[in-house]
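Here's a quick briefing to read alongside the model.

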Amino acid sequence: MKDLFGKAMYDFQTNNSPEDIITETSISEEDEMSVDYLFRSYNEMPKIEQKALQLANGKVLDVGCGAGSHSLSLQNDRNLEVTSIDISNHAIETCRLRGVKNAKVQDILDFEGEKFDSILLLMNGVGIFGKLENCNQYLLKLKSLLNPGGQILLDSSDIIYMFDEDEDGGKWIPSNNDYYGELVFNISYKGEKEEPFNWLYLDYNTLQNAAIANGLKCELITEGEHFDYLARLTI
Ligand SMILES: C[S@@+](CC[C@H](N)C(=O)[O-])C[C@H]1O[C@@H](n2cnc3c(N)ncnc32)[C@H](O)[C@@H]1O
């Protein structure tokens, strides 16, 4: 990977002529994403993210922290002890420049040796699972990092609304065996193309089934304005 997403954050943080990120997925046309969205303050966050931050307590792990907006809010406004991890070098460098105290380059699947009271995965947090078949692996890893009584707070969306309706008012979903929330993302930044990557969206029922299959309780905390929701998983 060329870490273009991370470079965009770093450019924004260092005033190095940041540009919009161009995204395109297997089911949608090219779209522009403004990098400043990754630098949102608490008041600019969607309500499901604000709710996740309100529920966070104790020792917190922010998984796929990006530019560290959630970590900063918890660290500065709530005085919580936060560990922030991301696989992107530039994202972590950006976090450090913004004052995130404990940010490190780390793949969640290789993380061990510490446990947490609250684990956050936000901005379609399940996206990093990539494909439905990887859910068990990620959920078991996250579960292994929980302190007794701990919680995993994650958000996603049911993207069934992205599919066209047929004559009967039903949804037309591609007829192969893949789950409809499995997308391939292409992003480009400043004329460079990133390697395509898998990105997963989970409807709540599918998440709940996967959670139960891995010995986790799943609770729907709140729904957003656009098919998005916040869930809490506990042991
Ligand atoms: C959509 S961004 C979300 C950023 C941030 N949570 C926010 O809400 O602004 C997803 C982030 O997850 C990171 N990521 C992807 N796979 C990861 C993994 N296996 N472990 C840790 N971070 C990962 C990416 O580098 C990216 O910065």
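**Ligand site**

Around the ligand sit 17 residues, and R40, G64, D86, D107 and I108 come nearest; being near here means having a heavy atom within 4 Å of it. Keep in mind that this is a predicted model, where local features need pLDDT of at least 70, side-chain atom pairs count only at pLDDT 80 or more, and totals for chains, interfaces and linings use all residues. Numbering runs from 1 along each chain as its sequence is written, and side-chain values use heavy atoms, with hydrogens and water left out.

- The shell around the ligand splits into 9 nonpolar, 5 polar and 3 charged residues (Ala, Val, Leu, Ile, Met, Phe, Trp, Tyr, Cys and Pro count as nonpolar, Asp, Glu, Lys and Arg as charged, and the others, Gly among them, as polar).
- D86 puts a polar side-chain atom 2.6 Å from an oxygen atom of the ligand.
- For D107, a side-chain N or O atom lies 2.9 Å from a nitrogen atom of the ligand.
- On its own the ligand exposes 610 Å², and the protein buries 90% of that (Shrake-Rupley method, 1.4 Å probe).

**Nonpolar cores**

- The largest nonpolar core has 49 residues, and L61, I108, I119 and F129 touch the most other members. Such a core is a set of buried Ala, Val, Leu, Ile, Met, Phe, Trp, Tyr and Cys residues joined through side-chain atoms within 4.5 Å.
- Apart from that one lies another core of 13 residues, including M45, L120, L153 and L230.

**Cysteines**

- Searching the whole structure turns up 0 disulfides (pairs of cysteine sulfur atoms within 2.5 Å).
- C95 is in no disulfide, with the nearest cysteine sulfur, that of C65, 3.8 Å away.
- C95 is buried at a relative accessible area of 0% (buried means under 20%, exposed over 50%, partly exposed in between, with a 1.4 Å probe and protein chains only).
- C135 is buried too, at 2%, and its sulfur is 11 Å from the closest cysteine sulfur, in C218, so that is too far for a bond.

Key
Polar contact = N/O pair within 3.5 Å; in protein donor to acceptor, adjacent residues only side chain to side chain.
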